[in-house]
Amino acid sequence: MANVSRLSLGQKRELLRQMYLIRAFEEKAEELYAMGKVHGTMHLSIGMEASAVGAIAALRPDDFILSTHRGHGHCIAKGADLNQMMAEFMGKETGTCRGRGGSMHIADPEKGNLGANGVVAGGIPIAVGVGLALKMQRRDQVVMCFFGDGAANTGAFHESLNMAAIWSLPVVFVCENNQYAMSFPVQKAFRIARISDRAAAYGMPGVTVDGNDILAVYAAAKEAVDRARAGGGPTLIENVTYRWRGHSKSDAGRYRTREEVEEWKRKCPIQRFRQRLIEEGALSPEEADRIRDEAYAAVEAAVAFAEASPEPALESIEEGVYA
Amino acid sequence: MRELSYAEAIREALRQEMQRDERVFIIGEDVGVYGGAFGVTLGLVEEFGEERVIDTPISELGVVGAMTGAALVGMRPVGEIMFMDFITLASEQLVNQAAKIHFMFGGKEKVPFVLRTPAGSGTGAAAQHSQSLENWFVHIPGLKVVMPSTPYDAKGLLIASIRDDNPVVFVEHKLLYKVRGPVPEEPYTIPLGTADVKREGRDLTVIATSIMVQRALQAATLLAEEGIEAEVIDPRTLKPLDKETIIRSVIKTGRVLIVHEACKTGGFGGELAAVIVESEAFDYLDAPVIRLAGRDIPIPYNRTLEYHTVPQVEDIVEAARRLAQGRV
């Protein structure tokens, strides 16, 4: 992992900060939902923060991502303005998407986030198109496409990985294997142990990494991004991780045991990285606490911004259907 | 004026737009050396190269997704779905993604592409290669739906569609590809949302789409011999729809016959009828609004059955005659 050692102390702190921000954002999201301040549903990535932050850390600011219904982490890691993002979550006019998208459809084009997606695997074919355009335009950017284990069993996955491979497009496919497609476990959904093994069928490299080890995630992503940028084509990365919360707000958790969830909570990616930095002497516990506290404070400020923001005007309801 | 076939007019529109704008490219199954299943893109790969005329695997969903993604980062793709029936395979990307991105993202992104697709029966290809599914897409906010009936309209509407900033479903009819008509050599646009009065008349208004415009015009010629003057209106774009031209014609004639190939139930004719009766034209109607459309059956293989599944010239003549003579 030569390239991991090249991460500066400042970069490592930034990774920790982003993971805390995501955790803080999602805990607040859950709280706001419980208080009845947001409606609809949401899909929380608590416990999966290392996958989003580690992978996106390998990108440049002008690179692109396609995200998923469980996309808060990707959005924050790609540099979203937290105020606008919270405002979007709360359906406000000042939101990233003027309150029209909500949790499941946050996009932030200025930051290269081409959108979360309400459809499982919905973003994968789009990522291929982004990669195709980047190649046609001879730009040196890459696109990273997130999706879950469930998406890896769709036709869109097959068509897209094949197209990206045959045209050698600058796309990095990141499968966040969080063990369940809603309630359906990977053990029942796959006859292979590693989803990344499917890469071979498309003629692209595939790698499975511990998705709760942020440096391992970063290292794999960096290698894939560098290859894509150099014209070496796509890669399939599988980040093995776990979502602590239910699939969505309707999840009664009947498909897994409390013990299993508790076991994964002991593998918390944030605690793990924090501990590592402290043990390396890169960070004192007090400094780590300050990073955490600042993240939670930033989220509180975002809530204040969002709550003070106006609702979309009813007269604007039909705006924006056509460009 | 110089004459071209409908297929040649489409090809010329593609060529001229690709020459004008390097962001425009063609993508689809067998659109390269094969020229597309109906030969529409023949010769373009030789002129523009494989990078701008992209043959794809048989992956309709992937193709429309690739168009969507490419459009998001500044390209203007023109895709081809070999038969409109296969648009079912791509509809997730078309309906849930491309159509909604501009709205869902608060207007921050746009998806300018054209999805060309041959529709319609009459080729003996039976139930899975003959459908007219345009009205599904009329129902989706964010999509535009265009259905040219002549070579002239095909060229002008396609250029306008390529220059439009929204996803456009461009429905071609297989039986029209060889139909010839005058087409100017220079590029020109027909604004989306402008209907065309293909023939003026005083006794009834026939509103027809796609190949039914050609059949309605033939029927109008026969009707004229009986002293019945039919006005033939071609909406040309189903969405946006030029309601004004339609309403104006209905106010003039007081009688309406709607003709389309797609199945009657849930077809665009219902929308047209509703637009008319909701408007001021209602007070001018002298007879019920009549729809002549495809039967509510899959397209059969047998030649005779296929022929009688969708409206033919004699069906239009008969229906128009009854309507004009007050026998409905």
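Predicted model: local features only at pLDDT ≥ 70, side-chain atom pairs only at ≥ 80, totals over all residues.

In chain B, seven strands form an open sheet, and their order across it is β3-β2-β4-β5-β7-β6-β12. The pairing in this sheet is mixed. At its edges lie β3 (53-55) and β12 (237-239) of chain B, each of which pairs on one side only. Direction ignored, neighbouring strands are turned by 20 degrees against each other on average.

Strand β5 (residues 113-119) of chain B pairs with β7(B) in the parallel sense, and seven bridges join the two.

Helix α4 (residues 87-104) of chain B lies across β5 and β7 of chain B, and runs at about 150 degrees to β5(B). Helix α6 (residues 151-163) of chain B also packs on the sheet, where it touches β2 (24-28), β4 (76-80), β5, β6 (144-146), β7 and β12 of chain B. The direction of this helix α6 makes about 160 degrees with that of β7(B).

Chain B is divided into domain 1, covering 3-182, and domain 2, covering 196-324. The centres of domain 1 and domain 2 of chain B, taken over C-alpha atoms, are separated by 26 Å. To the contact, domain 1 of chain B contributes 30 residues and domain 2 of chain B contributes 24 residues.

Lys178(B) is found in the loop between β7 (167-173) and β8 (180-182) of chain B. Its relative accessibility is 76%, so Lys178(B) counts as exposed, the cut-off being over 50%. Although Lys178(B) and Ala7(B) are 171 residues apart in sequence, their C-alpha atoms are 6.6 Å apart in space. Thr209(B), for its part, has its place in the loop between β10 (204-208) and α7 (211-225) of chain B. With 6% relative accessibility, Thr209(B) counts as buried, because the cut-off is under 20%. Residues up to four places away in sequence aside, Thr209(B) touches Met147(B), Pro235(B), Leu238(B), Val259(B) and His260(B).

Five strands form it, in the order β1-β2-β3-β7-β6 (chain A), and the pairing is parallel. Its edge strands are β1 (64-66) and β6 (206-210) of chain A, each pairing on one side only. From one strand to the next, the twist averages 20 degrees. Three bridges connect β1(A) with strand β2 (residues 143-148) of chain A in the parallel sense, and Leu66(A) has Cys145(A) in β2(A) as its bridge partner. Helix α6 (residues 123-136) of chain A lies across β1, β2 and β3 (171-177) of chain A, and runs at about 170 degrees to β2(A).

Chain A contains 13 helices and seven strands. The radius of gyration of chain A is 19 Å, close to the 20 Å that the globule rule gives for 323 residues, so chain A is as compact as a globular protein of that length. Buried residues make up 57% of those 323 residues.

Technical notes: Residues numbered from 1 in each chain as written. Chains lettered and ligands numbered in written order. Heavy atoms only, no water. Pairing = 2+ DSSP bridges. Helix = DSSP H or I, 4+ residues; strand = E, 2+ residues; numbered from the N terminus. Axes fitted to C-alpha atoms, helices over the stretch in contact; angles between N-to-C directions. Contact = heavy atoms within 4.5 Å. Rg over C-alpha atoms; globule rule 2.2 N^0.38 Å. Buried < 20%, exposed > 50% of the residue type's maximum accessible area, 1.4 Å probe, protein only. Domains from an automatic or database assignment.
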